Every structure is written in C-alpha cells, then in structure tokens.
Amino acid sequence: MSSTPSSTTYVLRGVRPYGTDPVDVVLSDGVIAAIGAPGTIEAGEGQGAGAVVREIQAEGHVLLPGLVDLHTHLREPGREDAETVFSGTRAAAAGGFTAVHAMANTTPTQDTAGVVEQVYRLGQEAGWVDVHPIGAVTVGLGGEKLAELGAMADSAARVRVFSDDGKCVHDPVLMRRALEYVKAFDGVVAQHAQEPRLTEGAQMNEGVVSAQIGLTGWPAVAEESIIARDVLLAEHVGSRLHVCHLSTAGSVEIVRWAKGRGINVTAEVTPHHLVLTDDLARDYDPVFKVNPPLRTAKDVEAVREGLADGTIDIVATDHAPHPVEDKDCEWASAAFGMTGLETALSVVQQTMVDTGRMTWADVARVLSENPARIGRISATQGRPIAVGEPANLTLVDPAATRAIDGRTQVTASDNTPFQGMELPGRVVATFLRGRATVLDGAVVDGPGNGTGADGKTLEGAAR
Amino acid sequence: MKHLLTTQGLSKDDAILLLDTSAQMAATQSRENKKLPTLRGRTVVNLFYEDSTRTRISFETAAKRLSADVINFSAKGSSVSKGESLKDTALTLHAMGADAVVVRHSASGAAHQLAHAGWLDAGVLNAGDGMHQHPTQALLDAFTIRRHLVGNVGDDGRGPDSSVGADLAGLRIAIVGDVLHSRVARSNVYLLHTLGAEVTLVAPPTLVPVGVETWPCRVSYHLDETLEQWQPDAVMMLRVQRERMSGGSGAFFPSPMEYSRKFGFDARRLAVLPDHAIVMHPGPMNRGLEISAAAADHPRSVIVEQVANGVAVRMAALYLLLAGDDSTGSTSSNTGSTSTDERIAL
C-alpha cells in the first residue's frame, strides 16, 4: 500500500500473542523485527542512532494479527452524511481492524473499475486501514445483468470479492453465471441470501414476536432456501461461494452439510447475530432493525456453535452507519443496519472467549486469518505473528470493560444496538505496517494517519 | 393509566374499570344534554395518518361530549404530506400543549413510539397502528358482548345493563377472517382472554400469522365446524381487504367466491348458532364477501350498536387517561375518595 513504514520503533512489553505466554515484540520498518522472552530485548536494539523508540507496557494484553472485516459499509460515494471512507476506516482502526472490505452498495454503485478505484484511492489517502473494495455482481445491484467483474478484478483495486449485498442475486441463472465467471480470477461471490418474494415488506424475524407486535415477517426460510440453492450451484459449477451474515439455525445446518460434502463454501456471522434476539423489537426502537433481522435465542445458540466448530468461518461486522433521522422514526420507515466496527471484538470476546467456547487463537482465525484468506489478501493481512511478517497487529486488553455509547463512537453514525451496555475488552493499540493507528486506546490523528500521499491532512469526516 | 396503547398486558381490573366507566358514559348519553364538563380546558388531538372516518368521528364525538377542545390533524392537507416526520409532528403537538393524542398510523408501533420516544409528554391513545393493535375497538367489542350476553340488555340493546363489574368468563367468541393483517383481532384476542372469554380464530391458514401459537386462543381453519361444534356466543367477522386477493401468486386465497363460500357469514350459518348468539363486525363491511346483507341486518346483528358503544368506550378511555388521577382539571374540586361515578355525574 502507499503508506511508508513507520519511522518509530515500537517495543511491546509482556504481550501475549494469541493469548499465550508473554513475550516482548519489536515492530520496526513496518515488520515484526524481533520476538523474545520478556526483558531479553533492549529498547532500541539493532536501531541506528536517532531512531525513535517507543515502549508500550502491555503486560497481560493479548496480541492478535490485525483484524480484517469482510463486510463493511463505508457509504462513500453517495451517503457521506452517514459515513465516509475516512470516518469509517478511522472507526475500523479504533475497533482493531487493519483491513476492511468496502461493500458495493454505494451511489454510484461500485460496479465499474472507475468506482472501485475511487474507493480504493480514498482508502489509501485516509491511511487508517487497507481498503479493499467489493465489486457489485450486477449492474446497479439490479439483479439483471452482470457488472464488469473482470474489469474490476483487473483494476488497481484488484477486486476479488463480489456482492450485491443489501440485495440478493436471486435469479438462479445469473447466480450460476457469476459463480462461474469469477473463477477466472479466483474471485468469490458473497451472497446476501434473501429470497425477495418471501420477504416483500419484511420488517423483522417472522415468528412469535412479529405475530404479536404486528410487523411483517422475514422468515428464516427466505435465507435458508437461497443458501441451499447456492451451495448446490457452487457444487455443480465447482465455484467458491461465500455466505454473508447467516442468521438462522437452519442456515448453519445447510452450510455444515455442504462442507461435509466438500462444497467450497465459507460463511460469516455478524457480532449482533451472536448476541441479540428479535425480542428487542418489542419496543419498536429501529436501532434494532437490521437485515437479516435479529432472530431467536435458538438461532443465536446455533450460530455460536457453528462459529466454534468452524462451520461458520468468520465474523464480519456488516457495519451499517445511518444518519440519526433514518433511525429516529417509525420502525417501518427506518433504515436497516447497525454500526459494528468498534464493538465487534468485544462481542466476540463476550460471547465466545469469555464463555470458554473459543480461544484467542480462534478469534485470530475468525476475525483476521480466514477473512483475509476469503478476500485473497493473505499476502499482507491475516499473517502469523512471527519475525519478518508485516506489522499489522491489534493489541487488546481483555480485562477492561467499557460502556458503549453511540455518540462517542469514532464512526460518523450513532446507531449502535449496544447503547448503554457494558462490553468486555478494549483495543489498546492497532498497528498498520508498524505505524500506530491507535495508541493508548485512542485513534492517533497524526503523521501517516488521515493524511494523503502529499502529506496534507485530508478534509475528512473525523468528528 | 397514562396511555392506552395495547390490550396485551392490560390487567383485568383495568379492563373492567374501562368497561364499567364506559357503561356510565353510555348512561349519560341517553340524556337530553349529552355533554359533560369533565375535560373542559383540555386539548385532545386526533392525529390520523390513515383514512378513517368512523374511528376519527367516534373519538371526536367522545372528546367533545367531555367538553375537551378537539383538534383534528389528518395526514392529508397537513405538513405530514410534505414529508414531516412523526417526530417533528410530535414535537409540534408537544409545543402546542396537547394533553392527549389519539393516533392512527399505518406503521405498527407508531403509538408506542409517540408514548415512549421522549418526543411528547401527552397521554397517547392508540386508534390503530398498522397490524398491531386497536385497543378501543376491542374494548367496544367487549363492552357490546358484555351488555348483550352478560347484562341481558335485550335484542334492541336498550334494556338496563346489569353487567357492571362483570367479566366475560365462559363466553365463546369466534373471530373470523383476515387475522394476519388485523389489529382488531390482536387486540380482541388479548382483551377477551383477559376478561375470561374463550376465543377461536377462524381463517384460512394463509391468513393466520406464523407465531400464533403463543396467543391465548385456539385456531380453526373451518368455519362450519367451529359454528356447529363449538357453538360460539358471538361471531366477530373481520373485514377482508380486497387487495389481499389480487396479489397474483401472492394472493391469500383463490377467489372471493371461494372465500365467501368457506368463510363468509350468512343467514344459513347464523341459523346454526345458539339463539342468544350475536353477530359483530368492526366495519367497514364488504357485504357479500365476508358477511351477507341478511346476516349484517339480522336482529342478532349488533354491528350498528358497536358504533354507538364506540363513543362511550372512547369517552371512558379519554376520561381515565386525562382525568383519572387529575388534580388540576375540572374535577379538581373532588376529593380523592370521590368515585368515578360521581365525578362523571358532575
């Protein structure tokens, strides 16, 4: 990427890589320069005179490979009132991410080489994380005609993930063609599984709660039937399929079955589907309106189990910023979506680590290594914590707790479903190729971060 | 009671208080001067985002009979049609000092949000929100059922009502038709159950919501079987909206004729019922579809009386919301020990 390696050398004292035994880690020239037993590394060791060395006392903190989000809505171009590439990637850094995949449903749609290159360039200029644009599968997300997938793949943005997210590629022939076509450049179709006819006017999970509170139901079968069809299509044409934000127990079963058959499918779950249920709709607060909708406690348990046993490969945020007015209204008029970049790691810790269902190494797998692999960015992201590897790292204090307040989030939007909740864990530092984007739990607005290639501070949406 | 938003969770005591107060209100309505001074100086806003002639007029009449100032705010011809949000409208009503807001809205939950989103501190009376609830309709239905089947007011509904204080224990009520989209059905199921009645919903399976199993009622797909074998004391027909049949592959039933044959209420089906049974409909009716003219106009039909009772029930609801525990309004001269009855008789 464009940013130059940091000129500062960081020495992380007493950190626990993947939650294991403490070590000292030295980050220098954009890579992990040394790893040694605590106290065995001198500050400034191997550095030339005049080098800036900063020590970080981080005893007990967990060191993870920088987090990678496969599903982020950055909203730019088109909805800069909700989020910009700058504000969204700054929020990503605050949440411990070093790379995000920017979803295609912008205005104009990311369905041409020109638009994906624009988003890619905005990401580079912002400098907070690596931004990998996702290309639309169909022109304008219209579901009728393939977008120029090859042109996006060949562009400077080197698109490998294609998705009409927000809309389902519901035409089976079109889906088949897309799955086949992207094989030429090792791409993947990330499907938003939602049968459109079964979900016309849908507002929330169809079940006991929707029946009582009178909101039009979004039935689980509308998701499951598309996933079932798509895994069979992927098997038939020998393609790679990724299932976005699966949310139901039935979806987990289908993906488990497909993997058992050797079908090349990967699946993601969002943090909110790991913890929240449709009961939250009872007060009609649209902050809980999301697509796919919050499901039942049984579904929450199923996605946790699926994530723990590897059926679900990754956690992806589906970070969906919205301006206040799009949430401060009647449920039926409100926008779908929740922010997630700054709470994802805490939710995974709370639901999976603190419950004993996953280790921190598993967290690295589902929030960094696997998403990097699916997005075909494993050359730079989701790397092992080892000497010589790029210094894309996240330092977490798992013992900390914090009260979530949407108004103080780094993202330009306030809509968090965790408002007022106490969540465990805190991102203490994030490093992008050795450069600190977050230090002492706060984003670092300074050289390299939020600056363009010419070194000038960008007119960003930092709040 | 600060708001009346839903019948789900309404206590039996509150429900009976509402019905008893309605009975007192109804009694005042046979006087020559129907107007009570109870809500003098109070402002009631009718905020109607959906067309509804009868419900709006019913609330307007109720508020005026209680001497409240009434402001009708309809979506047509107001800034709502220019895209003003519910929130901004609420803030406006708050600034204008509305004491109670009667709201009808196509979005489920709109009344709940008005009451709880912090936009407004007036009492909120739900006059129908989407597919969710229409509590005063259920109350007027329960009131009508109680007068006829417990209070024995006679076929003309004009006899003395001896049902004050009573619930609906043991009565069987069939609610027939488009349950899926019906706020009237949802409100009635919970209220009638709370009052001790047994409820059976009768509809084609396409018009029964997924998730109905937690509702305190039974579900049948067969009207004739329900009428013959269960022998309901009251049959409540729900309006079938014509657009529900014209959805092509999304239509909820094959044709109006088939619906009418299997779920329409007519004189033949009326004859199967016990002699005391009554026929109800919240209106407006599709004569010839869910109910035949012969059934709608039959002496056992209480449909017109439901409309009349609607005014008394809405007077009671407004009264209990605005004057129930009032210390500054027109009832302020009453001491805490004054009964509701005496206050209304002012």
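In what order do the three strands of the open sheet in chain A run, and is their pairing parallel or antiparallel? Here the order is 6-7-8, and the pairing is parallel. Keep in mind that this is a predicted model. Its scores are ipTM 0.88 and pTM 0.92.

**The sheet**

Strand 6 (67–72) and strand 8 (130–133) of chain A sit at the edges; each has a single partner strand, so one side of each goes without a neighbour in the sheet. Going from one strand to the next, the twist averages 20 degrees.

Now for the pair formed by strand 7 (residues 97–102) and strand 8 of chain A: four bridges join them in the parallel sense.

| Residue | Counterpart in strand 8 of chain A | Relation |
|---|---|---|
| His101(A) | His132(A) | stands opposite |
| Ala102(A) | Pro133(A) | bridge partner |

Which residues of strand 8 of chain A point the same way as each other, and are they buried or exposed? Asp130(A) and His132(A) go one way, Val131(A) and Pro133(A) go the other, and all of them are buried.

**Where the chains meet**

On to the interface: 19 residues of chain A make contact with 21 residues of chain B. On the chain A side, helix 5 (residues 208–213) gives the most, with five residues. By type, that side of chain A splits into nine nonpolar, six polar and four charged residues.

**Confidence in chain B**

Chain B has an average pLDDT of 89, and 89% of its residues score at least 70. One stretch to treat separately is residues 326–346 of chain B, where the pLDDT is below 50. Even there, the model has 29 contacts beyond near neighbours in sequence.

Key. Residues are numbered from 1 along each chain as its sequence is written. Chains are lettered from A and ligands numbered from 1 in the order in which they are written. This is a predicted model: local features need pLDDT of at least 70, side-chain atom pairs count only at pLDDT 80 or more; totals for chains, interfaces and linings use all residues. Two residues are in contact if their C-beta atoms, placed from the backbone, lie within 7 Å. Helices (H or I, at least four residues) and strands (E, at least two) are DSSP runs, numbered from the N terminus. Ala, Val, Leu, Ile, Met, Phe, Trp, Tyr, Cys and Pro count as nonpolar, Asp, Glu, Lys and Arg as charged, and the others, Gly among them, as polar. Two strands pair if DSSP finds at least two bridges between them. Axes are lines fitted to C-alpha atoms, for helices over the stretch in contact, and angles run from 0 to 180 degrees between N-to-C directions. pLDDT is the predictor's confidence in each residue, from 0 to 100. A residue is buried if 20 or more other C-beta atoms lie within 10 Å of its own, exposed if 12 or fewer, and partly exposed in between; C-beta atoms are placed from the backbone.
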